[in-house]
Amino acid sequence: DDVVIKGQDDVELLVQGSESGVIAKGNGSVELYYDNVKKLYTDNGGVVVNGNLYLSSADDYKAIFGAGQDLQIYHDGTASYIKDSSSLQIHTTDFYLNNAANTERLIKATQNGAVELYYDGVKRLTTESTGATTRGTKHRILGGEGEDAYLELFADQGDDNADQWKLNAAAAGGLFLENNAGGSWETNIKA
């Protein structure tokens, strides 16, 4: 049969003689304690946890948020996932993405500043107010199978044909420096 405990106002369950275990307050919160320290309680906004939150010791269990289960956070035993059915937005002043050991930077993004991409902990690409800077001894533009590879240089926002230049590594062979001054690409230098 059921056990019902009634109180005129609050109900408190004590352990170890005088340590709080559970406190249920009339028209108020319910509090759970560990070693006489409040760890979880309810309030008019929901549930508050003081300390670490372990959802499950087994893999594949999910923390699910939203009426339509829109956001899911979980681990499948091999990898961890953040899955959102619409768009995931992260609001911060500065954003850092590091490796799992927190010993190597992968991405750094600064408000009103640069975005930096790293390879093996070494900064390789930085956005700047004037464009982007890459670092390294090799920069590669790969065309698809049977396709040319282009490097286009547009001066003055490229809003005039005369501002547009192209370096073309042709799939059929040859390297061409071209301009678009006449409205179509013309070869200036062929190597």
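## A partly exposed tyrosine

Y81 is partly exposed, with a relative accessible area of 35%. This value, like the others in this report, comes from a predicted model. Y74, in contrast, has a relative accessible area of 17%. Because buried means under 20% relative accessible area, Y74 counts as buried.

## The aromatic pair

Searching the whole structure gives one aromatic pair. Its members are Y74 and Y81, with ring centres 5.0 Å apart and ring planes at 20°. Planes under 30 degrees apart count as stacked, so the pair of Y74 and Y81 is stacked.

## Fold and overall shape

The protein has 17 strands and zero helices. Its radius of gyration is 30 Å, whereas the globule rule gives 16 Å for 191 residues. The protein is therefore more spread out than a compact globule. The C-alpha trace spans about 95 × 35 × 30 Å along the principal axes of the protein.

Some contacts join residues at least 6 apart in sequence, and of these 2% join residues at least 24 apart.

## Burial and surface

How many of the 191 residues count as buried, as a percentage? The share is 12%, and Y74 is one of the buried residues. The protein exposes about 15000 Å², and 49% of this area is supplied by carbon and sulfur atoms.

## Charges

The side chains of the protein include 29 negative and 15 positive ones. The centres of these two sets lie 6 Å apart.

Key
Residues are numbered from 1 along each chain as its sequence is written. This is a predicted model: local features need pLDDT of at least 70, side-chain atom pairs count only at pLDDT 80 or more; totals for chains, interfaces and linings use all residues. Side-chain values use heavy atoms; hydrogens and water are left out. Helices (H or I, at least four residues) and strands (E, at least two) are DSSP runs, numbered from the N terminus. The radius of gyration is taken over C-alpha atoms; the globule rule is 2.2 Å times the number of residues to the power 0.38. Buried means under 20% relative accessible area, exposed over 50%, partly exposed in between (1.4 Å probe, protein chains only). Contact means heavy atoms within 4.5 Å. Accessible areas come from the Shrake-Rupley method with a 1.4 Å probe; for residues, only the protein chains shown count as cover. Lys and Arg count as positive and Asp and Glu as negative; His and the chain ends are not counted. The place of a charge is taken as NZ of Lys, CZ of Arg, CG of Asp or CD of Glu. Rings of Phe, Tyr and Trp (its six-membered ring) pair if their centres lie within 6.5 Å; planes under 30 degrees apart count as stacked, over 60 as edge-to-face and the rest as tilted.
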